[in-house]
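Subject: Structure handover

Hello,

Here is the structure for your files. My notes on what was found in it follow below.

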Amino acid sequence: MHHLNATPETIHWGFFDASQEPCLVIDSGETVVMSAVNGGPERMPAAPFVVPDALTTIHRECRAAMPGHICTGPVAVRGLKAGNVLEVRIVDIQLSQDWGWHAYGPSSGLLRGEFEQPAVAHIPLDREAMVARLACGAELPVRPFFGLMAVAPPPAWGRISTLPPRNNGGNMDNKELVAGSTLYLPAFVDGGNFSVGDGHAAQGDGEVTGTAIETGLTGKFEFHARKDMSLEWPMAETPEHLITMGFDPDTDRAMTIALREMVNLVAARTGMPRGDAYTLCSLAGDIRITQAVSSLKGAHFMLAKRYVRTGDDTKIIRRKKDAV
């Protein structure tokens with residue numbers, strides 16, 4: 001098992017870039033424990049909350065290359081080629097601190113312009129009871145997940161911000177990607193070059209203010225080079241559901257991409273006509289707004305696995321015209 005902690009030498013702040021060298025190279029099937037930190041100096045709390053030493057050091061020694069997240073990585077997988085798929089099994093996710101932050105302001109979120117004063121809240125996290133206690137008195141169940149998981153983008157894209165989600169994954173903010181789920185990402189460079197960040201303790205679909213309960217997390221990931229698969233968009237599965245995703249500046253378009261990918265996936269795996277798959281999705285599936293506040297909106301479609309039992313579970317239909 002490998003370990004990759006968040007340090008000034010192992011993080012990249014605000015960007016993805018296909019030319020970035022990996023911090024770690026592993027074999028397919030190996031496991032990596034990766035820690036990720038969250039937030040700039042302006043988001044840090046006062047005592048009695050304790051800012052992790054790793055985050056303090058990164059603030060002191062590093063600067064954001066562009067607005068975006070602090071990412072740990074990249075991790076490259078030997079034998080994975082551009083055009084293959086990186087399978088990321090999320091084995092475990094643990095809180096690494098006992099607080100998180102949440103913020104909104106006049107220029108962020110769906111209700112931008114309606115709140116004149118920016119606000120930052122620091123929220124205690126009870127790691128034993130796995131609840132977050134809000135100032136309003138509400139207790140929220142903690143279901144930690146990484147809002148950002150990504151491979152390197154296509155080389156032609158150059159250096160890009162981590163803020164919007166894209167075909168390479170990134171800031172997807174999909175709260176279904178908890179421990180026990182599996183993420184599939186299309187590889188655009190040899191090795192894939194996987195990075196992780198944007199730890200969330202809790203979040204609703206849509207992430208309507210622009211932030212979740214942002215916190216530090218440690219994840220355990222098992223990586224597999226899937227040379228038998230081909231994808232254009234990220235997809236995932238939980239023990240109970242298949243999940244397809246779409247990202248676009250227009251929310252309707254993002255939902256359309258997510259739905260089309262599920263229709264194609266169902267038809268490919270079961271052999272049923274696309275029209276029957278379309279009907280099944282309408283009657284048994286759920287379309288959700290993953291996040292509504294980035295320049296590229298996110299949608300995901302969920303269908304229970306019990307409806308998709310036969311056929312080739314690796315066959316995916318490419319639709320390059322949908323790439324963003």
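**Pockets**

The largest share of the lining of the second largest pocket comes from S9, with four residues. The model is predicted, and local features need pLDDT of at least 70, side-chain atom pairs count only at pLDDT 80 or more, and totals for chains, interfaces and linings use all residues. Residues are numbered from 1 along each chain as its sequence is written, and side-chain values use heavy atoms, with hydrogens and water left out.

A pocket here is an open set of points on a 1 Å grid over the protein atoms alone, where a 1.4 Å probe fits, with protein on both sides within 12 Å along at least five of seven lines; lining residues have an atom within 4 Å of a point. A volume is the space filled by probe spheres set on the points, which are joined across faces, edges and corners.

The second largest pocket holds about 450 Å³ of space. Its lining counts 23 residues, with Leu134, Leu140, Ala202, Gln203 and Ile213 nearest the centre. S9 and S11 each supply at least two of the lining residues. By class, the lining has 13 nonpolar, six polar and four charged residues. Nonpolar covers Ala, Val, Leu, Ile, Met, Phe, Trp, Tyr, Cys and Pro, charged covers Asp, Glu, Lys and Arg, and the others, Gly among them, are polar.

The largest pocket has a volume of about 750 Å³. It is lined by 37 residues, and His69, Trp101, Leu163, Gly210 and Thr211 lie nearest its centre. S8, S9 and strand S16 (194-200) are the elements that give two or more residues to this lining. S8 gives the most, with three residues. The lining divides into 13 nonpolar, 17 polar and seven charged residues.

**The sheet**

Four strands form an open sheet in the order S8-S9-S10-S11, with antiparallel pairing. Two strands pair if DSSP finds at least two bridges between them. Strands S8 (99-104) and S11 (139-141) are the edges, each pairing on one side only. Neighbouring strands are turned by 30° against each other on average, direction ignored; axes are lines fitted to C-alpha atoms, and angles run from 0 to 180 degrees between N-to-C directions.

S8 and S9 are joined by six bridges, and Tyr104 has Ala119 in S9 as its bridge partner. Two bridges join S9 (residues 119-126) to S10 (residues 131-133), where Val131 is the bridge partner of Asp126. S9 and S10 form a hairpin with four residues between them, and Met130 in the turn has a positive phi of about 55°.

**Salt bridges**

A salt bridge is a side-chain nitrogen of Lys or Arg within 4 Å of a carboxyl oxygen of Asp or Glu. The count by this rule is 11. Arg133 and Asp126 meet in one of them, at 3.1 Å from N to O. Arg133 is partly exposed at 36% relative accessibility, and Asp126 is partly exposed at 22% (buried is under 20% relative accessible area, exposed over 50%, partly exposed in between, with a 1.4 Å probe and protein chains only).

Arg89 forms a salt bridge with Glu87, with the closest N and O atoms 2.6 Å apart. Glu87 is buried at 4%, whereas Arg89 is partly exposed at 34%. The side chains of Arg89 and Glu222 also meet in a salt bridge, at 3.1 Å from N to O. Arg89 lies in strand S7 (residues 85-95) and Glu222 in strand S17 (residues 217-226), so this pair ties together parts that are 133 residues apart in sequence.

Regards
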